[in-house]
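Biologist: I've got this model open and I'd like to learn how to read it. Can you take me through it feature by feature?

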Amino acid sequence: MDQTPYIARLQNVAKTHMLDNVAVRALKDITVDIPRGKFNVFIGESGSGKSTLLNLIGCIDVPTSGNIEVCDQNTRLLDDNQLSDFRAQHIGFIFQTFNLMPVLSAYENVEYPLLLKQTPERERKDLVLSTLEKVGLLDHINKFPNELSGGQRQRVAIARALVKKPELILADEPTANLDHKNSAEILDLMLSIQNSEKTTFIFSTHDIKISHNVENLFMIMDGAIL
Ligand SMILES: Nc1ncnc2c1ncn2[C@@H]1O[C@H](COP(=O)(O)OP(=O)(O)OP(=O)(O)O)[C@@H](O)[C@H]1O
Ligand SMILES: [Mg+2]
């Protein structure tokens, strides 16, 4: 199938969260096309709906109404099992709180998605080491997450997202728990990876400073795109 120029297309997407029988309208009628092969940034205040939106695009959650196409797949047509296979195949995730497995070393955390995909051992080793090299962590491969700094942990998480060569990387406020210097370094690393690998990124932030460096900026406010 030919690829469209869009990594994700949302049509009239709404999401209402239920909390103690109270409906919270997190996203209201969002229609947006997000280009493929770019570094796309969603910027918005706390509570504006960024995580809700990224979780829908990442098929971690389903919309209350509307239609979502991701990597040219209509997500409505997939059941729960097919959605998790689809995620494992096509999408890498990077989170604000790193979400590394504490009992696995840096190497093993990066290897994990390849074990799920049953990548053969020789190929796995080459991929893990070359990806850890890309994020500048070859000197720390045997350390556990609690032996790494915040910036280094986020580099492990980037390598883990990247190692399976996904079409799309979703990064939900990946710099929010880092100091200014580390935030800038992590953003630069992602921009350079995007540039060299041509992987599509969808990145969210509340930090207006980040918007100076990027081409594709979407503003989100009160659950709507401006
Ligand atoms: N699981 C949930 N149950 C109930 N309400 C929720 C849930 N998740 C999010 N919300 C509400 O939906 C709205 C959007 O939340 P969301 O987490 O998407 O915002 P955000 O832009 O990611 O914020 P932040 O920058 O603080 O991470 C908020 O009003 C939030 O309280
Ligand atoms: Mg959020």
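**Around the ligand**

Modeller: Start here: a polar side-chain atom of threonine 52 lies 2.6 Å from an oxygen atom of ligand 1. A polar contact is a pair of N or O atoms within 3.5 Å; within protein, one must be able to donate a hydrogen and the other to accept it, and residues adjacent in sequence count only if both atoms are side-chain atoms. This is a predicted model, where local features need pLDDT of at least 70, side-chain atom pairs count only at pLDDT 80 or more, and totals for chains, interfaces and linings use all residues. Residues are numbered from 1 along each chain as written, chains are lettered from A and ligands numbered from 1 in the order written, and side-chain values use heavy atoms, with hydrogens and water left out.

Biologist: Which residues come nearest to ligand 1?

Modeller: A residue is near a molecule if one of its heavy atoms lies within 4 Å of it. Of the 13 residues around ligand 1, Ser46, Gly47, Lys50, Thr52 and Glu173 come nearest. The side chain of serine 46 has an N or O atom 2.6 Å from a ligand oxygen, and serine 48 puts a polar backbone atom 3.2 Å from an oxygen of ligand 1.

Biologist: Which residues of helix 1 are buried?

Modeller: Buried means under 20% relative accessible area, exposed over 50%, partly exposed in between (1.4 Å probe, protein chains only). Helices (H or I, at least four residues) and strands (E, at least two) are DSSP runs, numbered from the N terminus. In helix 1 the buried residues are Lys50, Thr52, Leu53, Leu54, Leu56 and Ile57. That is six of the eight residues of helix 1 (50–57), so the helix is largely enclosed by the rest of the structure. Just after helix 1, cysteine 59 has a positive phi of about 60°.

Biologist: And sheets? In what order do the four strands of the open sheet run?

Modeller: Strands of a sheet pair through backbone hydrogen bonds, either parallel or antiparallel. Two strands count as paired if DSSP finds at least two bridges between them. Here the order is 2-1-4-5, with antiparallel pairing. Strand 2 and strand 5 (73–74) are at the edges with a single partner strand each, so one side of each has no neighbour in the sheet. Strand 4 (65–70) meets strand 5 over two bridges, and valine 70 stands opposite glutamine 73 in strand 5.

Biologist: What about the sheet of six strands?

Modeller: This open sheet has the order 6-7-8-3-9-10, and its pairing is mixed. Strand 7 and strand 8 run parallel, joined by five bridges. One pair to look up is isoleucine 169 with phenylalanine 201 in strand 8.
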